[in-house]
Amino acid sequence: DHLLGFFSVFTPEAVKKVTLFKSSFPARFGGRLSSVIDVRTNDGDMKNYHGVVSVGLLTSKINFEDDHKEPDFVQHSRRSYIDLLAKPFMPKDEKYSYYFFDVNAKINHKFSDRSRLFLSAYNGKDHFMTKYDDTYYGDEDKYRDGGKMNWGNTIVSGRWNYIFNNKLFSNTTVAFNNYKFDVSTFTKNEIHTNNQITWNRYKADYKSGIRDWSAQIDFDYNPIPTHHVKFGVQYLHHSFRPEVSTSKIFDKTGETIERDTTYYTTSNSEILAHEASAYLEDNFNLSSRLRMNLGLHFSTFQVQKKNYFSVQPRISARYQLSKDVVLKASYTKMSQYVHLISSMPFAMPFAKPFFQLAYSIFRCASPVTVTFQEFVIYITFMGSHYIHVGSIEYATERFVFFLKRSHIKYIHIL
């Protein structure tokens, strides 16, 4: 998200379909413990050539679709201009700046009725900057300090869709993801004493990032109308840069350089990891009222000569009790290998099994009122915690239970 969550990374024009899985995750999803948001970007209207320019109070957008001939091209761009609006009202000795931008682009080409290629790209960035200037003793002594913070993501993917027959088709995807986070501060002082000028310069940079390469193939198979089978495999190559810190100090008095030093942290290293998974799921109808989804997700993770393996069953059922009431129940096991642990070293990805039992009731009393009840039990195994005391290592294991119960009444005025 942009602006600490106030703006989504997706513009509404770029989104084709959004599906939220808050529980009962199908077997095709893995590697995460929280809810899943499946976002499909827009392909364009495939018939017309048009564009839209939108100007708002905080952001402006440009949408362009070229669909009158092959290949089809869709582009959505957006930038905020809070920095430009606030700049005239800032004092001369203080500067603040924040802006964000993102670009979504997609090209799809139809080779035949059976084969189609999709190329997608996303680039987004948030930028925050501060700068202060002070002068003393008749503007002779000058002090300047400030900092900036940048974070953003670049995603490029290619997907090939191929239809084997009226019962089987596949999607083969290759993707690249690059996340960067950069914080820097600086201080520049110019001090006049005893007919000499002393310069002090200090600059500190902190960078981190994650770079992923992935390849996967997914199959959809419909042997009979009441069965929808999905299966596939995936491989991810992770490259973590958890901490890259650099500090530069420069002190000079007159013509004498007193210090010119650059410091690097000892953790300026890259951590490589490999993750592979496979899944199989079947969504089928047992009767006109009862529908079930059964699946199994396998995953393995290798990092720093250590291997982790997980088998994750997925079971869910949906029963149409009446025209207005639906009952749902599920059991789900998930594993997440990569975690952000701020109080411990980064190089600690471990498998954390996560179990979920849930039931829910949906009641549609009228076309505009929906009542939803849900009760979820989360069970997570917080294993592999190690405590070092001198030369002795202790291992602790514990289970944590989370209970969640919610009752939501949703009224939508048409």
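The exercises below concern a predicted model, and each is followed by a worked solution.

**Exercise 1.** Determine how many salt bridges the structure holds, and examine the one that Arg-28 forms with Glu-281.

*Solution.* Step 1: the total for the structure is nine salt bridges. Step 2: in the pair of Arg-28 and Glu-281, the closest N and O atoms lie 2.9 Å apart, and a salt bridge requires a distance within 4 Å. Step 3: the two residues belong to distant parts of the chain, 253 residues apart. Arg-28 sits in the loop between strand S1 (15-21) and strand S2 (36-41), while Glu-281 is part of strand S13 (residues 271-285). Step 4: Arg-28 has 30% relative accessibility and counts as partly exposed. Glu-281, with a relative accessible area of 3%, is buried.

**Exercise 2.** Classify both partners of the salt bridge between Arg-40 and Asp-38 as buried, partly exposed or exposed.

*Solution.* Step 1: the closest N and O atoms of Arg-40 and Asp-38 are 3.2 Å apart. Step 2: the cut-off for buried is under 20% relative accessible area, and exposed means over 50%. Step 3: Asp-38 has a relative accessible area of 17%, so Asp-38 is buried. Step 4: Arg-40 has 46% relative accessibility and therefore counts as partly exposed.

**Exercise 3.** Locate the salt bridge between Asp-102 and Arg-78 in the strands, and decide whether each partner is buried or exposed.

*Solution.* Step 1: the side chains of Asp-102 and Arg-78 meet at 2.6 Å, N to O. Step 2: Asp-102 lies in strand S6 (residues 94-110) and Arg-78 in strand S5 (residues 72-80). The pair links distant parts of the chain, 24 residues apart. Step 3: Asp-102, at 0% relative accessibility, counts as buried. Arg-78, at 8%, also counts as buried.

Technical notes: Residues are numbered from 1 along each chain as its sequence is written. This is a predicted model: local features need pLDDT of at least 70, side-chain atom pairs count only at pLDDT 80 or more; totals for chains, interfaces and linings use all residues. Side-chain values use heavy atoms; hydrogens and water are left out. Helices (H or I, at least four residues) and strands (E, at least two) are DSSP runs, numbered from the N terminus. Buried means under 20% relative accessible area, exposed over 50%, partly exposed in between (1.4 Å probe, protein chains only).
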